[in-house]
Amino acid sequence: AKHGQEGGRVPRAQYKSSGANEDVVGEGVMLEKVAGGSLDMEKQEDEMLSPTKFTFRTEQDATGDVFWLDYQMRVTCDTPYGEPILPPMQAIEQLEGERERGGLSEEDFLARKRAIVSQFWSSLLEGDASQRVMMPRSIQVQVTNDADFANSWVSQHVDEVGETELGVSIAWVPVSRKQEGKRGGTRKSRHRISLLQLATSDSVLVLQMAHLHPSKVPKLVAEVLQDEMVVKHGAGILDDAIKIEADWGVSIVGRVDTLEYASNLGYDAGTIPEAASSVLALNYSKPDWVRRSDWEVLTMSEMQITCAALDAWVSREVGVYVKGVSRMPPKVD
């Protein structure tokens with residue numbers, strides 16, 4: 001059983017993938033990321049500009065398994081000196097003035113603003129290929145159902161380092177349960193949240209809520225979710241917040257809807273994969289069989305771990321990148 005394992009993580013043997021999944025890992029989860037440049041980067045010779053796959057690996061330490069997602073990050077030097085190009089603020093300010101004078105409706109203003117930002121980023125992404133370099137990166141993923149381990153993760157990766165930006169995502173079994181009604185018969189009731197994922201820039205906690213021991217949100221996890229000084233980036237995070245509060249009695253404060261934020265600045269960001277592609281030049285897709293899979297299973301597959309981790313990680317990366325480069329702060333609830 002998973003409960004009582006030291007560190008709250010599953011023994012290595014429980015996470016050996018089945019033959020059916022071994023060929024699938026990384027198939028729909030690939031990365032080509034654009035980020036800020038730095039002065040000490042050197043372009044690699046004969047660089048391939050096609051997307052690279054995530055590589056899933058497992059390491060075992062004294063407390064159990066640690067999972068890693070290795071990838072090659074596409075880094076763009078926006079200028080030869082590694083300085084970011086400023087967004088078209090003057091054009092947007094002119095639009096704002098025209099709107100205030102009554103020359104533009106709100107709908108026309110938003111449409112023209114999106115067009116300006118979209119054109120700017122398209123030009124940047126198309127014109128910077130010669131400046132791109134490859135940088136190896138790894139995301140540490142830790143899966144647990146142990147409250148003490150979850151509290152330790154928050155303490156180490158958030159509190160002690162002063163982290164102020166987190167990616168947040170949830171998952172639950174998509175098929176509704178059938179329950180007996182008071183007057184006989186049955187009624188459908190959706191499953192409670194099965195997973196809660198928290199992400200920093202290089203680390204993800206996958207908390208198995210369905211097997212949480214003890215069965216309540218860990219103290220430090222609840223505190224960081226309710227800390228208004230820590231921004232929580234998520235796709236449709238308001239809906240997630242409603243579900244978490246209904247299921248577990250914990251609210252999420254300091255929310256930024258990643259998809260709404262990116263869309264308002266002109267990006268194609270209707271879904272996490274679309275936002276990853278248009279904002280980060282990242283090809284990330286979650287196969288349908290993973291979406292429909294049993295998120296309450298005790299022993300998650302490699303693809304489940306990969307996609308659960310990336311849902312939270314991509315949400316954070318999109319929000320942080322857009323905020324950092326656009327200089328346009330998001331709406332925080």
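Asp 288 and Arg 291 both lie in helix 9 (residues 288–291), 3 residues apart, about one turn of the helix; helices (H or I, at least four residues) and strands (E, at least two) are DSSP runs numbered from the N terminus. The model is predicted, so that local features need pLDDT of at least 70 and side-chain atom pairs count only at pLDDT 80 or more, while totals for chains, interfaces and linings use all residues. Residues are numbered from 1 along each chain as its sequence is written, and side-chain values use heavy atoms, with hydrogens and water left out.

The side chains of Asp 288 and Arg 291 form a salt bridge (3.9 Å, N to O), defined as a side-chain nitrogen of Lys or Arg within 4 Å of a carboxyl oxygen of Asp or Glu. The structure holds 9 salt bridges. Another joins Arg 316 to Glu 163 (3.3 Å, N to O). Arg 316 lies in helix 10 (residues 302–326) and Glu 163 in the loop between helix 4 (147–159) and strand 6, 153 residues apart. Both Arg 316 and Glu 163 are buried (under 20% relative accessible area; exposed is over 50%, partly exposed in between; 1.4 Å probe, protein chains only).

In strand 11 (residues 231–234), Val 231 and His 233 point one way and Lys 232 and Gly 234 the other, and all are buried. Strand 11 runs parallel to strand 6 (residues 165–171), joined by 3 bridges; two strands pair if DSSP finds at least two bridges between them. Leu 166 stands opposite Lys 232. Strand 11 also pairs with strand 12 (residues 255–257) in the parallel sense over 3 bridges, where Gly 234 has Asp 257 as its bridge partner.
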